[in-house]
Structure formats: structure tokens, C-alpha cells
Amino acid sequence: MDALDTLLRGLPQAIASGLVYGSIYALIAQGYYVTFSTTQTLNFAQGDFLMIGGMLAFTVFGLLLLAGMPLVLSLVVALAIIPLVLALMGVLVERVAVRPLRRAFSLGWILSTVGVAVILRNAGEVIWGIEQKAVPSVFGDNAIRVDVGFFQFGVLPQEIFILTASLLAMAAVLFFLKQSLLGKAMAAVALNAPAASLMGIDVRAMVVLAYILSSVLAGLAGLLVVPVLHAYSLMGVLPGLKAFAVAIIGGLGNPFGILIAGLLLGVIEFVVAIFNASLRDAVTFFLLIVILAWRPLGLFEKPSMEKV
Amino acid sequence: MSTSTPPLLSVVDLSVRYGQVEALHGVSLEVFPGEIVALIGSNGAGKSTTLRAVSGVIPVDRGRVTFDGHEITNLKAHQIVRRGLAHIPEARQIFGDQSVFDNLLLGGFSLDRRTSRDLAEQEIRRFPVLYERRKQRAGTLSGGEQQMLAISRGLMSRPKMLLMDEPSMGLAPLLVRQVAETIVRLNQQGVTILLVEQLASMALAVADRAYVLQNGIVRLEGSSAAMAHNPEVVRLYLGGAASASA
Amino acid sequence: MLAVAVIVAAPLVLYDGFIQQLMQTIAYYTIAAIGLNVLVGYQGQVSLGHGALFAFGAYASAILTTRLGVPVWIALFLAAAVAGLLGFLVALPTLRARGHYLAMVTIALAIVTFVIAQTWIPVTNGPTGIGSIPRPEWFGTTMGSLRKFRPLGDSGPVLTGQILYFWVCAGFALIVQLLTNNLLTGRWGRTINAVRQSEIASETIGVSVYRMKLKTFAYSAVLAGLAGALFAHQQGYIVSDTFTFDKSVELLVFVILGGARSLFGPLIGTTVLVVLPEVLKTIGSYDILPKSNLPLQVGLVIVGGLCALGLARGSRGATRTMLSLGVIGGFLGFTLVTPQIIEHFLLVYGALLIVFLVTMPDGMAGFLRNLPGVRQLWRVPTSAVSHGAGSLAGVVAVPLPAQRVSLQLEDIKMHFGGVKAIDGVSMKVESGQVHGLIGPNGSGKSTLVNVVTGVYTPTAGQVRLGSRVLNTLRPHTIAAAGVTRTFQNIQLFKDLTVLDNVMMGFHTRRRAGFLKQLLRTMSAATEEAQIREQALKLLAFLDIEHLADDEAQSLPYGLQRMVEIARALATGPAILLLDEPAAGVNPSEIGRLSNVIRRVAEAGVTMLIIEHHMDLVMGVSNHITVLDYGKKIAEGTPTSVQSNQRVIEAYLGSSEHTFDDLRRGRVVVVQPA
């Protein structure tokens, strides 16, 4: 009964925090989806792109605050700079680490993007040092307490911002992919690249675009989380891997599945943490193994008939 | 070829290999503006390979492809489309996950937004069945409807010339007839067509001239009427015994 | 022999405790890398979780020796077994799915393992670690102490425990290398190569692809576990921080950079990658090279950059080799003269990884092999004995007339979504017949072949071989039951020789198990020799025995087709399905093909031939079935089918639907001369 009691008392808070962090996992995971669906490759440095986003935010905030600019302006400037830098990094990764290895040996791109990850982690350390960095939130640090009967929990304004912004970003990406002609062209490349090229679609450009999109998403995630998580060179490692698990569980070809899986896993993580904080990081991967054994294509994917 | 008009498409000594295997061994052909030219031959003769090499889907090993006065050998497929040479691939290759209308919009990818949308509104009316199913996923269309969609989609780039690969494949006779009529109508509207077809009777009926491809080289060429009565052509299709009994 | 000499001599020459320890490290990582290479290189399955299996080996051995008092020598093997079992359990559900899923699950395994190690304190002690893991003892000396002693009397060599432990590690590595070479150069290697190159073709000659993958994974897991155990006993204590996801990546890097799918690639890769960091660190800490010399730095960057540009433009052969060396040289040189970078060794490591991957797609072993002139040293030709064109009987198990069975299809339907590829086809392939199946493109012929051979499970209807229902069986079971096929787009095992391809066909009739192959016992060797003999006879039967040593993909299409037929015959089929055997074959070779088909038929093999080439199919078939739109439209002798009006209409168009009227009224714009 004790355990149940603990669970019930911790549940509202776990759900609230879980949704916030889950939305971040989902946001990063959408990046995996975008590149995987167009190129059958993905960037294992995605989590470290988040770190770069966070570090850039730290630098921008630091410089502008030093110059006496208001906090909001810092956010706006960061919002302008981070996507730009990350987009460039996306182009670079595609060109240097993915494209030369796409055909040579299917393993090539996995290892080379892991290589990118190793470089970024260490570059992050070289450029920004090893100490953890705090970035102020535009929305202040006063937690909002919710205390309505059973529902007792606290959230930071920044956490609400994280959830809203990442949901919005995902909605924007999905809208772009599903509704715009460019998005449809990317889907066409994914489905049948030769046929897409016969429509006048530049297949290579679509691949680069996919990498730009996924990198920008990770950068945005970094910008969002630094006010609540401290920035340091290894901050992206676990989120990157967890987002990967989310992408697999939700289905690498299913953005809505990814969103749901992200939120779900975020909540499960925090529920598990009620009992054992150290198991929090493992539960996602346990679930991944279990779910893959049960449904190899992810929770929401339907197996398709393969033609020979 | 000493005519006043230069050919719209000219293929000279085209060779293609798949890995170590050479699939085309020096194919040459010409298509003049306003013509329908048929490329016929049995399975594996290299008909589709020829079209794919011309439109840039697969790389050319040797030879030259010239379109509309410019060399297009080994340009990327999307660049070739933009020059006005569209290719409707074998087995339709429509984007099954996307709606019928979106398939058309993708066909007009190289155009600007408004033109593409207007053109798609026109094209979707070319075949009434498509208009009825404009919002449906293209993968749910029947084979015949998919072929109609593929043709409309191919026309979305406003091509000067169409490469059509086996438009009759898997279609019932009535639909084949409809496709044939469409080809003729398109041609009358000014589109030059290079038609790859296994169904020789259809191809020879609609085409002005024809090339017969066998094992990666051109075996015969001439006017369609002459080809239709060439016993060699019949033999290639039904085997020795058939030509004797025919 | 040479290897033994090197192993014995190395530590005596390199008399330095640190270097000897480094050599131990190379030895056990090589063991893990060899196992991973079998999986990744030969089998073509990606594992990003071998670090976890390595960790399981390490923890198992550590716990067994420190807590349970198990002797080190026994603990090593138990640890390997534990890792193997774990690998087997993980692979069991995972390998059923195709594609990237093994990679995904193994990543999860790597991370879960790390978290378990970190948090399951009662067992693993987490980051504090398990200490005083004993080393094995020998000559009364713990293998690891630096105390010198002379076991062979005063005149003998001076030894230390470090040297002994190196000998243990290297001895294991040598044995593993030799055993694995046994596997890889024999039937096992041939089979996993075959599975990698074409799963579907492997299935149709009776290989259970799933079981094969499972065994391979378990084998590589055992080796990872053994390596982990050796690691634990070398270190003396292990902490959870060692076994992060990076460990898995590291192992994979050894394999890929060393050269996947090469026998000694893992050894090369491990050696270079264990030594290189130490060299870089050493150079970094001494002032040997000029530092912060701007012109030099810029120069090296330009050289490397230009070479990289050259590579990106695509080049082959010697130019490519030079450019690759240029990129690597430029990059390494730059880091060596730039102290700011070399201090951050991992930065270099990451970049080096990418540079190596891009410039050497086949790893270092592949790079060495491709150096001009080296390739010739490798080739050892097998002498093909000519047996003259013999008969099939005695070579393959052709069923006797009394045992022959017919293949029956009853009301088969195969629907893909809304498309009815086959819509109620019934037919019977009588034993001893050559049965032709024709029809225009898209009429459902190939789908029918796929249904019969188990690639597709029919939507409705029944496929029977004699009285046995084949509907729901997997292709490899159907092959074992006696139905096999060739493919329209030839599915040979491209990298294998012609002889190896045909030897693969005998798969279902081989008896020597895994252990016998591993140890290459007499019976396994005899079996291999017999099969080889039979395969050569089969090649002789088809008049292609002179090609036995050629790589399958180097042959012209027509000959590849012959090899494919030979491989199919090797399974001893009751029914052989030929899916468009003439596709892509030169006209000059068609005669030969029909000749072969006739001779195979005479030998008593029933055949179903799907074909467009009318001369061929009409010439060899006794009986013909015609499909159109997924339905049977005619059946009978070749002559009757050829004069059948529906057939002519299907091929040349209906007389009711002539297209002549379309021509009327058309204006031809240009009439070419």
C-alpha cells in the first residue's frame, strides 16, 4: 500500500515533467524520422547537435546580457542564429560523413556519424570548457504550483514553454512535410527516388534539406532545454539515444507515432523515477528491447508486403 | 537523315552497363518533332534501359544523347525533365502514399506554384476517373487508373516530348485502346512521343516509325506500316511456329 | 608456425611492461573483433551492442572468480558461455525482422547493460567496481606481476608474469583466429556469405537464413565474452564506467577500419587502433615535431583538402590510393604539428574515424589488398579437374521415376491490396514434363513462381507437391521438400566463385555440424571434398567446369544463368522452376540453353519454365499454360496454344480492338528520309 501511495502522490508531477521531457525526445526523434524516411540514414550525432544548440544559446545569452540587452532579445537572437548554424552543420555532416558512405558499406554512415558525435563532444569541451553552464530563462524561475485536489505538482514557466514550443515546432515540421510541395517531394524521394527525379525533383537537394531540417530541430531542442538543464559537453548523449529509442518505438516512418512514443516514454521515465531514480535512464531501453521483440516495426507501424 | 528539320531527340551509339554486364551495345535512334516513334522488342531487349539512359535515371556508359539541340548525355534526371523531356516510367511508379492530386502537383515540381496548380486542375480533368478520385490515395487506384495518372503526371512538366514505357502493361484491352487514343491525341496536341511497347499491334498502329530492339541493339527500323507486315516482327513475338501458321 | 614464433618472441624483444600490456590488449580485442567481423563483415548484420557482451564476459568472469572462487581458467570459459547465451537470447526475437532492427536492439542492449552495471550495486558494485580479480597462475607466478624469473633454469630466458599473460591472451587469439579461419574458408563461411548476398536465393536452396544468422550471432557473442573475461583479468578490477555505449562503437571501429570481411582485418585494425593513440599521445608530449608552424599547418591542410576534393570527384585505382594517402597524411600531419588539437586526443580520433571510413571503404586490409601488385599474391587457384560431360545421375539425387511427384495448384489467388495479381489459377505440372508458362507482361507469371516457392503465401488456394501442401511453408523448407528455382534477375552469390555457388546448392544434404566444421575434423573435410567433387561433376554436366574458379559476377549473363541452374540442380529438386531463363541471354546462347534444359529433363527433373522467348519455350516444352490478367486463358501443346485465338489476342492485340482507325486523319509533320 505504501508503494501505491507513493505512486499516487508522485504521479501528477511525474506526468507533468514527463510530458515536458518527452516532448523534447519527440522533437529530436522527428529529426531521425526526417532523414531516415528520405535517405534511410540518420545522424547519430543528433544529440550532440542539441548540445551545440544549447552551448550557442549560452554564448548568445552571455554576450547580449553582458552588453546589457534584455533577456527577450537574447532569445530572439538565439532563435535566429541557432537554426542558421545548425543548418550549416547539417549540410556539412551530410556531405562529409553520410554521402560518401551511403553506398560503400551500409555500416559506414553509422560509424561516421558516431565519429561526428565524438568530435562535437570534444570540440564542445575545447570551446566551452568542462564546467556546467546555467542559462537564465526568459520566463523567470518561479515555479507555478498546481494544487487542485489530487493534482499537486509544480512546473517552471520555461517547462511550459518547452512543451508548447516543441509541440509547435513539431506541428510546423509535420505541416511542412505533409502539406507543402517541398515536403511532398521529400516523401516522393523516400518512396521512389528514381521516379521522383523524373518529376524534376533534385533528389540530392531533398536529402540535404532533410539533414538541415533534422539538425535545426536538434538545435532548437538545445535552445529550449538549457534554462532547465545545465549545458555541458555531454548533455546531448542521453537525450540523443533516448530520442533514438523513441523513434524506433514510435516507428521510424511514423511522425505521429514518434510524438506519442516520446510523450509516453517521458512519462514512464518519471513514473519509474518515483521509485528508483537511477533506473530512470534505463527504462526507455528496456522498453525498446521488449517492444522490438514484440513488434519489430515499432508500436504503430503496420508491416507491409514486400515485393520481390 | 537529310531533312530540313533537325531531330528533336537523337541518340547515337548509346551503351549502358549494369555492373559488368553491358545491357545496350550502341543503340542509335532519332525522333523528329511531331512524330510518334515506337521502340518494340521482347522482354530484356533493352527498351526500358534505353529510355532510362536517355532520361538520366541510369548513367550512360558510352554514346551521346542530344535533345532539342543540346547535349543531355549524363545530365541528372531532374535537369533533363526541366528541359522538356518527360519520362513516364514502366509500371507507372506513381507515389502510392500520396493523393491523386498531389501526384500531379509533384509532376509539376519544376514549375512555379500557381502555374503548377492551374495545370494540375486541368490535367486532373483529362481523365474523368482521376477527377472523381482526386483526394484518394493513388495506391488505391486500379492499374488502368494508375496509368492515366502516370500520363497526366508526366504531362505536368509541360514536356515537348514524352518517353512512355509500356503504357499498356497489365491493362485490359479496352483500357489499352483508351491509352492508345490518348497517345494519338497528345501527339495531335503537339507532343512528340517515343513509345516503348511490348504490345506491337498497338505500338505499330499509333506510331509513324518504329525500331525493333533485340538484345541491346537495333535489329530493324522503318515505317510502322512496313513493320506491321514484316514476318520477322511477328516471329520475334510468337516464335517460329507462329509465323508459319500465321 | 610463424605466428607462434612471433607471439613467443614479441614480449621477449619488447621488454617493457607497458608495451607488453598493450600487446595483451591488442590480443583480447582482436578476439572480440574477429567474432564481430564474422557477424558484421561476413553475415552483414550490424551489432552496436558487442560492448555489452564484452561487459557480460568481464563481469561474469570477475564475479565467478572473486565471489564464488571458481578457478580463473574455468571462469574464462564460463564467461564466454554466459555472453554467448545472452547474445542468443537477444538475437532470438530480433533476427526475425529484417533490416536495421538488430542494430537498434543492440544499441538498447549496450545502454541497458551500462545502466545495469552502474545501478545494480549488490552485484556489480557500480562505479566503485569489482577489485582484486585474480590472474591465472602458472609456474607459481601470478600472471601480471613484474617479478622476473627463469623457469627453465639459469640459462633460460627471463620471464615475467606480464609476458605469461600476454602468451595466454595471444594464444587464445591465435586459436580463435585459426578456428574462425576454418569456419570462414569452409562451408560455414560460404553459407553466411551467401546469406548476405542473397537471402532469397539462400532460402531457395534450403538454407534457413534465420537459424544461420542466429548461430553466427551467438558465435560472435561467445568471442566478445571471452575477450571481456581476458580484459577483466588483465585489469584486475573493473568499473561500470568502462562499459558505456562507446565500447561497442570501439569494437565496431576495430572491425570496419581494419577491414570487414577479411580474415586478418580485425587483427590489423585492432593493432593499429590500439597503438596509434599511444603513439599520438607520446608524440604530443614530447617536442619532436615543429609546433605551431603556420605555413606548415596551412600547407598540410591544403594538401589534405585538395586530395579530399579529388576523392569527392571520384577516381579509381592508383590515383585513388594516392589521394587517400594524401588525405590521411595531411590530416595526421596537421594534428601532429598542432598542439592545441593533439591534446584533445578524442577529437582527433573522431575525425580520423571519418577520414578512414571515407578514404578506405574496405578498411585497411582492403586498402592493402588493393595496392597495385598485391592482389596477385593472394590468388590460389583451385585446379578444376575435367570430368567430361557426364550424366546427372550419381551427381545429384534425381528422383527415380516411381518417386516422382506432380506439382498441383488449385484455385490460387494472390492479391496485393486491390491488385489481383493471380485470380484463381489451377494447373498441374505432371512429373517428367517440361511445362511452359507464358503470358504478356504483368499477367502474373512471376507472382505464381513466388507463390509456389514460398516467397508469398497465397491469399487463397492450395499448392501441393504430391500429397504435401506447401502453402504456408517457408522457402527453405519448400526447397528441402524438392521445389527450387532460378530467378529472372539472376540471384547468384556474386562474390563467391562458380564452384562455391554450386557447392552451396548441396546445403540440405550436408551433415557435418558446427563443431566439426570449427575443428575441421576428418569427416567434415571428407564431406567437403566429396561435395566439391560432385559440384565439379555438375559443372561438367553443364560444360562450364573450366569456370569453376571464376567469381560468379565476372561471368557474362548467359553463363551466370548456367551457374544458377547448376546450383538449383545441386539441391536435387523434384521440380525446378526456371523464371525467365532466357532474359538477358545472348541469342547465340539460347540454343545452348534449350539444349541444357532438354538434358536436364532427360535426366528426370520436372520443370516449370516461365518465359517470354517463344522460340525457346515452344521448343522445349511438352505442355504450355497461358496466363493473362492473373487468369489462365489457354492450356495445351505448344502448337495448339500458338494457334489459340485468345493467346494471339493477348500478345498481339485483339482483332475486335484494332487500332487502325486511330491513324486516320493524322498529319505526319515530318517525314524522315
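In chain C, the hairpin formed by β6(C) and β7(C) has two residues between its strands, and C:G466 there has a positive phi near 60°. Strands, like helices, are DSSP runs numbered from the N terminus, with at least two residues (E) for a strand and at least four (H or I) for a helix. The model is predicted: local features need pLDDT of at least 70 and side-chain atom pairs count only at pLDDT 80 or more, while totals for chains, interfaces and linings use all residues. Residues are numbered from 1 along each chain as its sequence is written, and chains are lettered from A and ligands numbered from 1 in the order in which they are written.

Contact means that the C-beta atoms of two residues, placed from the backbone, lie within 7 Å. Axes are lines fitted to C-alpha atoms, for helices over the stretch in contact, and angles run from 0 to 180 degrees between N-to-C directions.

Strand β3 of chain C also contains C:D411, which has a positive phi of about 50° although it is not a glycine. Most residues other than glycine have a negative phi. C:D411 counts as partly exposed because it has 13 C-beta neighbours inside 10 Å. A residue is buried if 20 or more other C-beta atoms lie within 10 Å of its own, exposed if 12 or fewer, and partly exposed in between, with C-beta atoms placed from the backbone.

Another open sheet in chain C has six strands, ordered β8-β9-β10-β5-β11-β12, with mixed pairing. Its edge strands are β8 (483–485) and β12 (631–636) of chain C, each of which pairs on one side only. From one strand to the next the twist averages 20°. Helix α19 (residues 445–452) of chain C packs on this sheet as well, touching β5 (434–438), β8, β9 (575–579), β10 (606–610) and β11 of chain C, and its direction makes about 150° with that of β9(C). At one end of the order, β11 (residues 623–628) of chain C pairs with β12(C) in the antiparallel sense over five bridges. In that pair, C:D628 has C:K631 as its bridge partner.

Chain C as a whole has 29 helices and twelve strands. Of its 673 residues, 52% are buried. Among its contacts with a separation of 6 or more, 73% are between residues 24 or more positions apart.

One helix pair in chain C is α3 (residues 50–66) with α4(C), packed at an angle of about 140° with axes 8 Å apart. The crossing is right-handed, a term used where the near helix is turned clockwise from the far one by less than a right angle, with anticlockwise giving left-handed. The residues of α3(C) that meet α4(C) include C:L53, C:F56 and C:G57, and those of α4(C) include C:V72, C:A75 and C:L76. By class, this contact has 13 nonpolar, four polar and no charged residues. Ala, Val, Leu, Ile, Met, Phe, Trp, Tyr, Cys and Pro count as nonpolar, Asp, Glu, Lys and Arg as charged, and the others, Gly among them, as polar.

Between chains, 35 residues of chain C are in contact with 36 residues of chain A. On the side of chain C that touches chain A, α4 (72–94), α5 (101–119), α11 (245–259) and α16 (345–359) each supply at least two residues. The most come from α5(C), with ten residues. That side of chain C consists of 29 nonpolar, five polar and one charged residue.

Note on methods:
Pairing = 2+ DSSP bridges.
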